[in-house]
Amino acid sequence: MAVRTRSTDPAEHWWRTAVIYQVYVRSFADANGDGVGDLAGVRAKLPYLAGLGVDALWFNPWYASPMADAGYDVADYRRIDPAFGDLSEAEALIEEAHALGLRIIVDIVPNHVSDRHAWFQEALTSGPGSAARELFWFRPGRGADGELPPNDWKSEFGGPAWTRVPNPDGTPGSWYLHLFAAEQPDLNWNNAKVREELESVLRFWFDRGVDGVRIDSATMPAKDPALPSFGPDFTQSAPPKPHPFVDRDDVHEIYRAWRLVADSYPEPKALIGEVWLADPERFAAYLRPDEMHAAFNFDYLNCPWDAGRLRTVVDETLAAHAPVGAPATWVLSNHDVTRHVTRYGRADTSMGRSPQLHDAPADLALGTRRARAALLLNLALPGSCYLYQGEEFGLWEVSDIPAEARQDPFFFRSGGADPGRDGCRVPLPWAGQAPPFGFSPIGATGAPWLPQPAAWATQTAEALDGQPNSILRLYRTALSLRRQLPDLRGGAEFGWTETAADELLDFHRGDGFRCLVNLSAHPIRLPEGAELLLASAEMSESGRDLPPDTTVWLRA
Ligand code: GLC
């Protein structure tokens, strides 16, 4: 297997500075023409991804699943969902990606499995008191006939976090806990079998060459075994401390054990957590040297397009990571949030995802201009950077998906009040003038699983490839330059430039590199004598002024 030269210096481990591209397989490329993306589609596009200049690919769950939550309901971790391909194709994909210098990260979902998982099926047929039920959270209901859920917890997707099941004899029986959809029963991490199984799943994929895992809903697997109600004094959004199921101290034991697995390989595997926590210290605890290597920076994702707020988030991020020696991550979009071209084009740029803002008008030209500026900012900050498929095409959120085409449990469990996350999951446009825009091959039997907007004719890889100033070209140029510039590629020291104007972000990396982002409404004079390396937008004619919503990279 051809791989780049590896360093043995832990400070230089690849995940510390990598640019990681998120592949949402279902929407990436469809090779067999059924309207759903697949592994063969990804394999055909590996040269495209290597050419883009990213270092690693993160795949959302590709395992066998009934797809009640787009694969986050895993029925069998050791099989690939037939809609995507099979295990031998996944193995071939890993090998081909490695040969192109791309690392592979897969998604692991410790909090829950699918209700179709063999364990849960066995739990249902085995009945109350069985060992099979001990792997989950089954409890009798409250009320005279057990007709009320065991406590007042709510599902993240809306509605109660409990569903009642019949006894094996058909009479109404106990309830089981699901912090997400009813099709996603929560695992009981107090059970040794659960711990052993998930560690064995890690080894299964690490043994196949996978270089790291993204850990889904990483703060939630540990529960207070008493499963207490929030009661009259607290709510799920104003919870008691400790919280009955978020960020409990004992959750860290899981990741310490996983770190031992990760470190048992000649080239250690990376653990990257989905950790949504407001408290920077609690967040950083997941990144202690014997736990995860990195975690997604959701404060940055949720930060408005505002110089002061961005500066604060950058400072707080670096301060939180420093004591544990972990690399910061910079991420603006993923499969759960509104695409940032849309967010940055709204009057309120503050929320990663907000059902209330769904219909807010968005100036897409402005959003695109800011997205371009944000790319150069992200790539210049110290740490690693995550890109979500399609952001390199400047894709915006598709807000007008018809109700009958929607698939996200947020939509169903809220009775349609929350449109859900389908708008950022629409299949990618690769080429041509009309849907399916090369997502599916000519002669495809199925339409793309979510409808693509006709206006994406301007956003295809093919169309953007042909334009020297397109966003796709900017991604390629910036990624290639980031690789070449030692101050960006390595861990060169970061610092703000003291003289910075209010609505300007102005920082350096090492002695040789400087980045300026103009978030004001007027042009800002560039420093004298600096050599322009790259700009996110066309510069003023004199080349001496930095236009609004523009980032430049300078050689200091
Ligand atoms: C994570 C995933 C999201 C999924 C949820 C439940 O937040 O990113 O897509 O719905 O976990 O697994």
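Which pocket is the space taken by the ligand? Here are my notes, in the order I would look at things.

1. To settle that opening point, the ligand takes up the space of the largest pocket. Please keep in mind that this is a predicted model.

2. Around the ligand there are 14 residues, and the closest of them are Asp 69, Asp 216, Glu 274, His 335 and Asp 336. Sorted by class, this shell has seven charged, four polar and three nonpolar residues.

3. In the side chain of Asp 69, an N or O atom is 2.6 Å from an oxygen atom of the ligand. For the side chain of His 335, the distance from an N or O atom to a ligand oxygen is 2.9 Å. As for burial, the ligand taken alone exposes 310 Å², and the protein buries 95% of that.

4. Moving on to the aromatic rings, the structure holds 36 aromatic pairs. One of them is Phe 120 with Tyr 176. How are these two rings arranged, as an edge-to-face pair or a stacked one? Their centres are 4.8 Å apart and their planes meet at 70 degrees; planes over 60 degrees apart count as edge-to-face, so that is the label for this pair.

How values were computed:
Residues numbered from 1 in each chain as written. Predicted model: local features only at pLDDT ≥ 70, side-chain atom pairs only at ≥ 80, totals over all residues. Heavy atoms only, no water. Near = heavy atom within 4 Å. Polar contact = N/O pair within 3.5 Å; in protein donor to acceptor, adjacent residues only side chain to side chain. Areas by Shrake-Rupley, 256 points an atom, 1.4 Å probe, with all protein chains shown as cover. 1 Å grid on protein atoms, 1.4 Å probe; cavity = no way out; pocket = protein on both sides within 12 Å on 5 of 7 lines; lining within 4 Å. Sits in = over half its atoms within 2 Å of the grid points. Nonpolar A, V, L, I, M, F, W, Y, C, P; charged D, E, K, R; others polar. Phe/Tyr/Trp six-rings, centres within 6.5 Å; stacked < 30°, edge-to-face > 60°.
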